[in-house]
Amino acid sequence: MADRPRLTTSAGAPVADNQNSKTVGPRGPVLMEDYQLIEKLAHQNRERIPERVVHAKGWGAYGTLRVTQDISRYTRAAVFQKGTQTEMLARFSTVAGEQGAADAERDVRGFALKFYTSEGNWDLVGNNTPVFFVADPYKFPDFIHTQKRHPRTNLRSATAMWDFWSLCPESLHQVTILMSDRGIPTDPSRMNGYGSHTFSLWNDKGERFWVKFHFKTQQGHAHFTNDEASQVIAKSRESYQEALYGMIEEGRGPKWTMYIQVMPEGEEDKLGHNPFDLTKVWPHGDYPLIEVGEMELNRNPENYFAEIEQSAFNPSNVVPGIGFSPDKMLQGRLFSYPDAHRYRIGTHYDMLEVNKPKCPVAHYHRDGTMPFGLKTNPDAYYEPNSFDGPVEDPSVAEPPHRYAGDVDRYDFRGTSDHYTQPAALFALFDEGERNRLYANIAAAMQGVPQEIVDRQLAHFDKVHADYGNGVRAALKKAEGDNASLSTGHAAAE
Ligand code: NDP
């Protein structure tokens with residue numbers, strides 16, 4: 001006891017006995033006045049916060065971004081000045097599975113980064129793929145419903161997934177990536193990260209550039225086949241947590257090289273497609289990668305719940321020199337993410353240690369849940385005021401945007417080419433990759449009604465005749481394998 005801290009209640013009162021509840025006689029019952037027991041049980045009931053509706057299963061660590069190149073011609077952001085080192089946090093995740101889901105499942109991975117810059121937190125909440133399934137936030141809740149459990153069966157539904165995808169051909173690019181080898185990275189260090197959306201950078205002269213962010217793994221890509229992943233999951237559902245935690249504990253923290261693609265404002269029409277369409281990339285040939293620096297993860301969190309589960313990433317967290325774009329999906333996420341955190345964690349979620357900026361914070365938001373450490377001048381509780389409260393700084397104003405047009409509900413996906421970019425990707429696959437792509441799709445289509453399968457096959461045909469035919473052959477093979485499996489089973493009986 002001598003040099004150990006004294007156990008207390010949450011109100012600080014010392015606890016004399018933490019082993020035995022207070023009872024009438026040695027056999028009970030317990031007393032209502034055993035407030036220490038009640039506090040302990042009540043706290044246990046409140047140990048969980050609502051898990052994220054998407055990206056519930058995650059793994060994270062702290063690290064550093066080092067900017068090694070001069071990109072000041074594009075941005076005035078302090079974080080991007082050559083030689084700057086910025087502390088950061090990364091959280092990787094699967095999208096669809098709940099918190100207890102296995103890590104090595106076929107899914108898109110979240111690649112969320114929080115940079116604690118000297119001018120506020122900049123969060124880049126990306127994925128391990130440069131594109132997404134849909135281009136309009138109006139469709140996002142429907143898409144996610146297809147990835148989650150069916151209301152009646154409470155099972156994931158291949159029918160729902162392929163029904164939606166086949167009716168939304170803009171998903172074809174992302175579906176092809178998901179079903180390719182890159183659909184199951186072996187661990188978070190062996191995959192790229194992408195900001196995916198188009199963002200913007202602006203410099204001291206008030207010039208704006210549209211930008212895409214890329215983080216390329218220095219560990220090299222490594223992936224599991226479906227069979228390998230099944231074997232991994234049979235042994236451990238936590239293979240990513242084990243890998244990421246382990247490599248950082250052993251001093252082998254993973255690294256990524258950061259790049260940007262840059263398009264000067266005004267060049268939007270040169271690309272040949274909407275540069276703000278999240279289902280498409282900017283070809284490297286047109287917009288080459290420009291190196292920025294290196295990101296390294298080097299410190300594990302001390303408390304997973306406090307630092308990873310309660311970490312709150314917002315695409316709306318930008319800093320002077322970094323801005324948004326008209327990308328509809330980005331605009332939707334600017335609302336959804338902070339809204340999710342206010343619901344999941346509480347009003348002042350960004351006052352939690354992991355979310356707190358490392359620069360001074362001064363605002364007039366008052367009261368609400370958890371306003372820890374909100375030090376305000378008691379007389380300056382409104383604005384404008386005459387009592388030395390914080391004031392705006394016009395020097396950090398973003399240059400004005402030049403948006404104009406008629407207000408309507410525009411259907412750009414209806415007029416968009418959904419096939420050329422998946423075809424460019426398909427052209428990169430060697431024979432082995434193509435065969436695994438066909439087999440992965442056939443496996444994922446088991447039990448899906450023929451009408452839906454046919455609708456999706458027609459999309460694959462439009463990418464490349466080999467794509468559609470390859471999946472047809474793989475479906476036939478899977479059918480044969482299933483038939484012989486059930487015959488074998490009957491014979492065994
Ligand atoms: P490039 O040949 O210049 O680039 C191809 C890109 O594809 C590389 O970034 C490579 O990543 C990546 N890649 C290779 N295999 C896969 C895979 N199985 N899943 C996902 N990405 C993969 O061509 P373009 O820029 O003209 O793009 C051609 C196609 O490549 C695009 O339609 C898109 O599908 C894909 N792609 C393009 C990206 C871009 O920003 N332009 C980014 C990622 C993919 P790595 O260098 O890490 O091996």
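Biologist: Which residues are linked with R208 in a network of salt bridges?

Modeller: This is a predicted model. In it, R208 is joined with E265, E398 and R402 in a network of salt bridges.

Biologist: How many salt bridges does the structure hold?

Modeller: The structure holds 26 salt bridges. One of them pairs E33 with K22, and their closest N and O atoms are 2.8 Å apart. Both residues lie in the segment before α1 (35-45), so the pair ties together parts that are eleven residues apart in sequence.

Biologist: Are E33 and K22 buried, partly exposed or exposed?

Modeller: Buried means under 20% relative accessible area, and exposed means over 50%. E33 has 49%, so E33 counts as partly exposed. K22 has 42% and is partly exposed.

Biologist: Which residue does K57 meet in a salt bridge?

Modeller: The side chain of K57 meets that of E238, at 2.9 Å from N to O. K57 is in the loop between α1 and β1 (58-67), and E238 is in the loop between α5 and α6, so this pair ties together parts that are 181 residues apart in sequence. K57 is buried, at 7% relative accessible area, whereas E238 is partly exposed, at 36%.

Biologist: What lies 3.0 Å from the backbone nitrogen of E238?

Modeller: A polar atom of the side chain of S236 lies there. S236 sits in the loop between α5 (226-235) and α6 (239-249). With a relative accessible area of 13%, S236 is buried.

Biologist: Where are D181 and R436, which meet in a salt bridge?

Modeller: D181 is in the loop between α4 and β5, while R436 is in helix α10 (residues 431-444), so the pair ties together parts that are 255 residues apart in sequence. The N to O distance of this salt bridge is 2.8 Å. D181 is buried at 19% relative accessibility, and R436 is partly exposed at 32%.

Biologist: Now the loop with P185. Is P185 buried or exposed?

Modeller: P185 is buried, with a relative accessible area of 1%. Its loop runs between α4 (172-179) and β5 (193-194).

Biologist: Which residues is P185 in contact with, leaving aside neighbours within four places in sequence?

Modeller: The contacts of P185 are R109, N128, R190, M191, A222, H223, F224 and Y240. As for spacing, the C-alpha atoms of P185 and D107 are separated by 9.3 Å, and these two residues are 78 residues apart along the chain.

Biologist: Which residues come nearest to the ligand?

Modeller: There are 20 residues around the ligand, and H173, R182, N192, K216 and H284 come nearest. R182 has a polar side-chain atom 2.7 Å from an oxygen atom of the ligand. N192 also places a polar side-chain atom 2.7 Å from a ligand oxygen. For K216, an N or O atom in the side chain is 2.5 Å from an oxygen atom of the ligand.

Biologist: How much of the accessible area of the ligand does the protein cover?

Modeller: On its own the ligand has 790 Å² of accessible area, and the protein covers 78% of it. The elements giving two or more residues to the shell around the ligand are α4, β7 (208-217) and α9. Of these, α9 gives the most, with three residues.

Biologist: Which residues make the nonpolar surface patch?

Modeller: Y381, Y382 and F387 make this patch of about 310 Å². Y381 is in the loop between α8 (328-344) and α9 (420-426). At 46% relative accessibility, Y381 counts as partly exposed.

Terms used: Residues are numbered from 1 along each chain as its sequence is written. This is a predicted model: local features need pLDDT of at least 70, side-chain atom pairs count only at pLDDT 80 or more; totals for chains, interfaces and linings use all residues. Side-chain values use heavy atoms; hydrogens and water are left out. Helices (H or I, at least four residues) and strands (E, at least two) are DSSP runs, numbered from the N terminus. Buried means under 20% relative accessible area, exposed over 50%, partly exposed in between (1.4 Å probe, protein chains only). A polar contact is a pair of N or O atoms within 3.5 Å; within protein, one must be able to donate a hydrogen and the other to accept it, and residues adjacent in sequence count only if both atoms are side-chain atoms. Patches are made of residues with over 30% relative accessible area and no salt bridge: like charges are joined within 9 Å, nonpolar side chains (Val, Leu, Ile, Met, Phe, Trp, Tyr) within 5 Å. Accessible areas come from the Shrake-Rupley method with a 1.4 Å probe; for residues, only the protein chains shown count as cover. A salt bridge is a side-chain nitrogen of Lys or Arg within 4 Å of a carboxyl oxygen of Asp or Glu. Contact means heavy atoms within 4.5 Å. A residue is near a molecule or strand if one of its heavy atoms lies within 4 Å of it.
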